[in-house]
Amino acid sequence: MSRRHLKSLLLNSISPFSSSSPSPTATSQSFLSSLKSKTQNLNVLSRFLSASSPPPTLDFSSPETPEDFAFLRDSLSDSAPKLPPDKCSNDAVLISNAIRNSTDAFGDETQKFLRRFRDDLNESLVVEVLSLVKSAELGVKFFLWAGRQIGYSHTGSVYNALIELLERGSSNERVPEHFLQEIRGDDREVLGKLLNVLIRKCCRNGLWNVVLEELGRLKDYGYRPSQATYNALVQVFLRADRLDTAHLIHGEMVELGFKMDEFTLGCFGHALCKAGRWREGLALIDKEEFVPNTVLYTKMISGLCEASLFEQAMDFLGRMRCNSCIPNVLTYRILLCGCLRKKQLGRCKRILSMMIMEGCYPSPSIFNSLVHAYCRSEDYSYAYKLLKKMVKCHCQPGYVVYNILIGGICGNEELPTLDMLDMAEKAYGEMLNAGVVLNKVNVSNFARCLCGHGKFDKAYKVINEMMSKGFVPDTSTYSKVIGLLCNASKVEQAFLLFEEMKQNGVVPDVYTYTILVDSFSKAGLIEQAQSWFNEMVGNGCAPNVVTYTALIHAYLKARKVRDANQLFEMMLTQGCIPNAVTYSALIDGHCKAGETEKACLIYARMRGDVNVPDVDMYFKIADQSLKEPNVHTYGALVDGLCKANKVKEAGELLDAMFVEGCEPNHIVYDALIDGFCKSGKLDEAQKVFAKMSEHGYSPNVYTYSSLIYRLFKDKRLDLVLKVLSKMLEESCSPNVVIYTEMVDGLCKVGKTDEAYKLMLMMEEKGCNPNVVTYTAMIDGLGKAGRIDKCLELFKTMSSNGCAPNFITYKVLINHCCAHGLLDEAHKLLDEMKQTYWPKHLAGYRKVIEGYNREFIASLGLLSECDSLPIAHIYRVLVDNFVKAGRLNVALELHEEISSSTPFTSANKDMYTLLIENLSHANKADKALQMFAEMIRLGGYPELSTFFHLIKGLIKINRWDEALQLSDSICQMDIQWLLQEETYDRK
């Protein structure tokens, strides 16, 4: 090796130690400063650079190992067995004791003792002695003595054992020089072998910088590395990413006539491909005169994948086939994993197809990684297909891959689409059949997504199925599902799940209780919410500010101010500090309880007015920062004032918000616009609308709904069309509420044809009419005298999947009666009863939600809030059947409603009407029977009722009864007069 090449090798090897552009001097200084002994390294450097002529070549390599056993070469030939002292042979113990205890420093007496063991010398015995001697000096002497014995020669394991012994006795972790000199003086060939073994050991340990020093020492002693050592040198520099240094080492190998073995050549090819120099790799293979095989190509493909050269990697597959090398499963796995690491998912699909086609199957772990990668890229469909491919590859999907897929679909904050959720359900079913379970996180997420799409029963079933397989839901899991059920108004199922939670020994926490208290409070079930509250306090679970706020708000909305105040006092007593949300809830609750004045006082006190009376109990906490009004506070008060028809004060609040630097949000603007519209102040509403737009808020469907309502109320149809056009310009599509308001408004101004066309248009736009829309249209057609069209639309409504409710039936029955279609009206009544008409007031109130208040009032329903609403329909039918002279049907209807409802004013009107008409029809007995029944039920007859009864009795010549009834009238008149006089005196 020339001096120039040696110098280049050194400079390339030590370049990382230099932080600036390297010069020979700077590089040498940086190199020397990084080593432990400055003097030693100077000697190494000078010796390394002064090798002017190559010394005689000595090949100290072991005989070439057969190719099939190459993998054993390094692990067996260069590694000494490490035996504990208690596992050493008796001969080893005797020899080591004799050497350690000798007084002649391994002199004649010691050697004389050792002669008895000459015939038994072997590799293991020598290694054991070296491990037991502990003294480096004595170990060297024994090593040299053993090497001189006939029939024995040192092996790689013995050399390694000696090196370990010498390094243990050295302070700088290098073999001391005097030991090497001693070995050299005894046997020069042995020293060459020892130094080669030492270099290979440093290479295996990755100590490339130490390797350079030992290589210099090897050359100083006049030796050359063996072929095995050169291969080890190339490998260590390749592992250290010092490709140029490896090139220099290889050049020296070639000059000396050595060749790289297959493993080293594969490593070199891999490193060149990784650096993007794959052409050099192919040239190197040709230069080495090596016929590429599958293993070598696979290593080069691996390097190309690490360099993201996927096109070239795919080309190498073709090159392999051209050279009659068939890619094996390892080739494909390396290529697949390389593409996967670099997120080349499109290539992964292609490689996987090729792989399976050729009968090379990915491992389960690769399938798991593929499914994970495609889930992260949201390609869930292909991820699910991979499960099918796993089965095709005789690889049964297991716990990991199912949890990856279902967790990927359901683990995001946003709900998956219904198609994706169906896919997750299919995977879940397959998972159950395979006897696999979901982990805790995925059970919660899967249940959450099912609930989010309304599949509550399925979510409940999933939890039970997982519990049957050993899954134990914790408080967090139960709380999440309970919260989802409550948000979907499934309070009954939430209640059952909560009871099951306690039965399973899972202790509810404050979060669980707060969800229940809040949800039941919002549903108006205050008694149950209070029960949960009491239970949590009894169980030692302290309510937080959210719990108290939810229950206080519920009591105020139910007009139970005293209970709300008691709870607020309790909150303060327990050290729970109210926050701005609590005070906003107080304001909103008082507004809904009809106490807007008190709500305004709370707001004024929040603003810092300490002179405000009557609200001191809410402000016992000194920290004013907790009571600063925020946008939610203003929103609650604006909404309350508008609903109380105090729109002027609400408008002033908007100005106050700007002064205080509190930016109004959509809720504030919408509430104010709605308030002005409902109070008939369209100009003021338009001003707020303009201000809303100025501050960057785009009107939404609720904003436009309020404006359209007012415009129809004022019969400004021209402006309605302009508002509608504005909506479409702003890409704000009308919803079913706006369409319904427009249908109802057009009907009220007599434009039923336009209303009907609008209803058809909304269906074309993908907005299906609801029961309120159909009912408004039916009412409009009925008032226009188009009863046939009403009945036709009623049938269309049912066929389109929209179920009529009580209001729909009542509207249609009224119009049928008005047009003389009494039999049709009677059929509608029977149909309504069969479809479960509301038998309770709560059900009735639920039905009328969503209808315009004026529309409900026009049907005469608002005055019946304390009675069963069905009575009104019967009264209409009875009245019309009586007018038509069909008393028998009227009596049947009366008996039916009387048996199922309490006595009300509507019932009394029917009694009066029937008694009058029965008397005229010469059916005095039935009239008297109904008269007696009415009095028994607590109904006071009108004077006209007596008159018609008496007239009917006289008509059939029943004078005695007529006279008796007249006497009773006189007595009753006297009593009425006495009652009126008594009342006046009071």
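Mentor: Here is a close look at one helix and its aromatic contacts. This is a predicted model, so to speak: local features need pLDDT of at least 70, side-chain atom pairs count only at pLDDT 80 or more, and totals for chains, interfaces and linings use all residues. Residues are numbered from 1 along each chain as its sequence is written, and side-chain values use heavy atoms, with hydrogens and water left out. Take helix α13, residues 227–239 (helices are DSSP runs of H or I, at least four residues, numbered from the N terminus). Its 13 residues reach 19 Å from first C-alpha to last, close to the 18 Å expected (1.5 Å times one less than the number of residues). Ten of the 13 are buried, meaning under 20% relative accessible area with a 1.4 Å probe, protein chains only. Among them are Y230 and F237, and both have an aromatic partner.

Rings of Phe, Tyr and Trp (its six-membered ring) pair if their centres lie within 6.5 Å; planes under 30 degrees apart count as stacked, over 60 as edge-to-face and the rest as tilted. The whole structure has 16 such pairs. In one of them, W208 and F237 are tilted, 6.5 Å centre to centre with 55° between the planes. W208 belongs to helix α12 (residues 208–220), 29 residues away from F237. F237 counts as buried because its relative accessibility is 0%; W208 also counts as buried, at 16%.

Y230 and F258 make another tilted pair, at 5.7 Å and 50°. F258 lies in the loop between α14 (243–255) and α15 (262–274), so this pair ties together parts 28 residues apart in sequence. F258 is buried too.

Back at W208, R242 lies over the ring face, 4.2 Å from the centre (the cut-offs: NZ of Lys or CZ of Arg within 6 Å of the ring centre and within 35 degrees of the ring normal). Finally, α13 is followed by D241, whose phi is positive, near 60°.

Methods. Helix = DSSP H or I, 4+ residues; strand = E, 2+ residues; numbered from the N terminus. Buried < 20%, exposed > 50% of the residue type's maximum accessible area, 1.4 Å probe, protein only.
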